[in-house]
Amino acid sequence: MKTLASAAVTTVLSSLLLPFTTHAQTSLPEAQVNALESVFGKHAGFRRAQAKGLCASGYFVGNTVGRALSSASVFSGDKVPVVARFSVGGGNPQASDKSRSVRGLALQFSLPQGEQWLTANISAPMYFVSRPEQFLPFFSARVPDPATGKPDPINLKLFSELNPETTLQAAYLARTPVPSSYGAANYWGVNAFEFVNARGKSQFARWQFVPEQGALGLTDAELKARPDHFLADELRQRVAAAPVAFDFKLQLAEIGDVLTDPTKVWPDTRTVVPAGKLVIDRVEPDAGGACDRITFNPLVLPKGIKPSADPVLLARAAPYGVSLGRRLSESAK
Ligand code: HEM
């Protein structure tokens, strides 16, 4: 029999889920995209997450460490052409660049013989949900109340207390300075992947793109003085002066490390090895460009890199497809 407390929690949780699950025929990926629209608004033609951004390009060169860990052709040592999209967190294309949200770095590697590698990375080492089922109630608790323009503080507090791991990313962002440049932020892949080398040896790892010139955040005074939109022009000017490079590093998992929960960072003591270099040498003059038609589905992987069993990773492809379908059909009108 249910206790009174568990019945109350079930009732509140059901009400948190309600706005997005009233139609039995709505699939989970569609409901997830609806949830993003409910919080950030529906902005025709734009991505429902990381809506504000710009497109750039360059190349990637892998090294011997990468080749020892994976047979993927991206590590061959040859220059691999890359399309990159830098973005600001959330579904609002007018979001302020001063927001304490994640910055994104999404990449399309064009490999020999038509093979592709797609990846979308963020400027935090953890994600905000540990399971795909938390995505809906996470956003449901954040839907603004029309009366106040703010989320209901009681719903929000209750959801956070019941799901404390969903507060870790916001806590990280609150204590980390806002990036001064798309080219001066550290980007993590967050989900774990399996690297398999030519001899069939397997190693699980998480990757990060570390800016060669260092991660540089704004002081509170600098943040105050910046306009709301500075990141795109700053990157254009930076790249016009000199290419911007990132070291591609792999954090190697050890036995017992959690491979299936993107809210759990691994200990700092884990070995981190450089496996290649990303160079951005061109930025599109306006928003869009080649990136518009790409959805950076992180399950499109080259032979030699496999997904882990992380359910959040496995759940990413479908909502990305839903968002792509909506924004492309809207911009075609
Ligand atoms: C259940 C989990 C997730 C859902 C429902 C979700 C949903 C979405 C959606 C709908 C888009 C827009 C796709 C498009 O229109 O092309 C998107 C983009 C993005 N997501 Fe996720 N996401 C999830 C997990 C993650 C994780 C774990 C990361 C962390 C690495 C991440 C990072 C990004 C980035 C950087 C973009 C922007 C890519 C670009 O520039 O096109 N997402 N996500």
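Valine 82 is in contact with Ser57, Gly58, Tyr59, Phe60, Leu107, Gln108, Phe109 and Leu278, leaving aside neighbours within four places in sequence. Contact means that two C-beta atoms, placed from the backbone, lie within 7 Å. This is a predicted model: local features need pLDDT of at least 70, side-chain atom pairs count only at pLDDT 80 or more, and totals for chains, interfaces and linings use all residues. Residues are numbered from 1 along each chain as its sequence is written.

**Core**
- The largest nonpolar core has 65 residues, and Val82 and Ala84 have the most contacts inside it.
- Strand S2 gives the most to this core, with five residues.
- A nonpolar core is a set of buried Ala, Val, Leu, Ile, Met, Phe, Trp, Tyr and Cys residues joined through C-beta atoms within 7 Å.
- In soluble globular proteins, nonpolar side chains tend to be buried together.

**Valine 102**
- Valine 102 lies in the loop between S2 and S3.
- Valine 102 is buried, because 25 other C-beta atoms lie within 10 Å.
- The cut-offs are 20 or more other C-beta atoms within 10 Å for buried, 12 or fewer for exposed, and in between for partly exposed, with C-beta atoms placed from the backbone.
- Not counting residues up to four places away in sequence, valine 102 touches Gly89, Ile122, Ser123, Ala124 and Leu173.
- Glutamate 161 is 59 residues from valine 102 along the chain, and their C-alpha atoms are separated by 22 Å.

**Ligand shell**
- The ligand has 31 residues around it, and Gln50, Gly104, Ala120, Thr295 and Ser323 come nearest.
- A residue counts as near if its C-beta atom, placed from the backbone, lies within 6 Å.
- H2 (28-40), S2 (80-88), S3 (103-110), S4 (116-122) and H10 (317-331) each supply at least two shell residues.
- Helix H10 gives the most, with five residues.

**Overall fold**
- The protein has ten helices and ten strands.
- Helices (H or I, at least four residues) and strands (E, at least two) are DSSP runs, numbered from the N terminus.
- The C-alpha trace spans about 60 × 45 × 45 Å along its principal axes.
- Of the 333 residues, 38% count as buried.
- Residues 24 or more positions apart account for 74% of the contacts with a separation of 6 or more.

**Confidence**
- The average pLDDT is 93, and 92% of the residues score at least 70.
- Residues 1-15 have pLDDT below 50, and this stretch has three contacts beyond near neighbours in sequence.
- pLDDT is the predictor's confidence in each residue, from 0 to 100.
- Where pLDDT is low, the predicted coordinates should not be read in detail.
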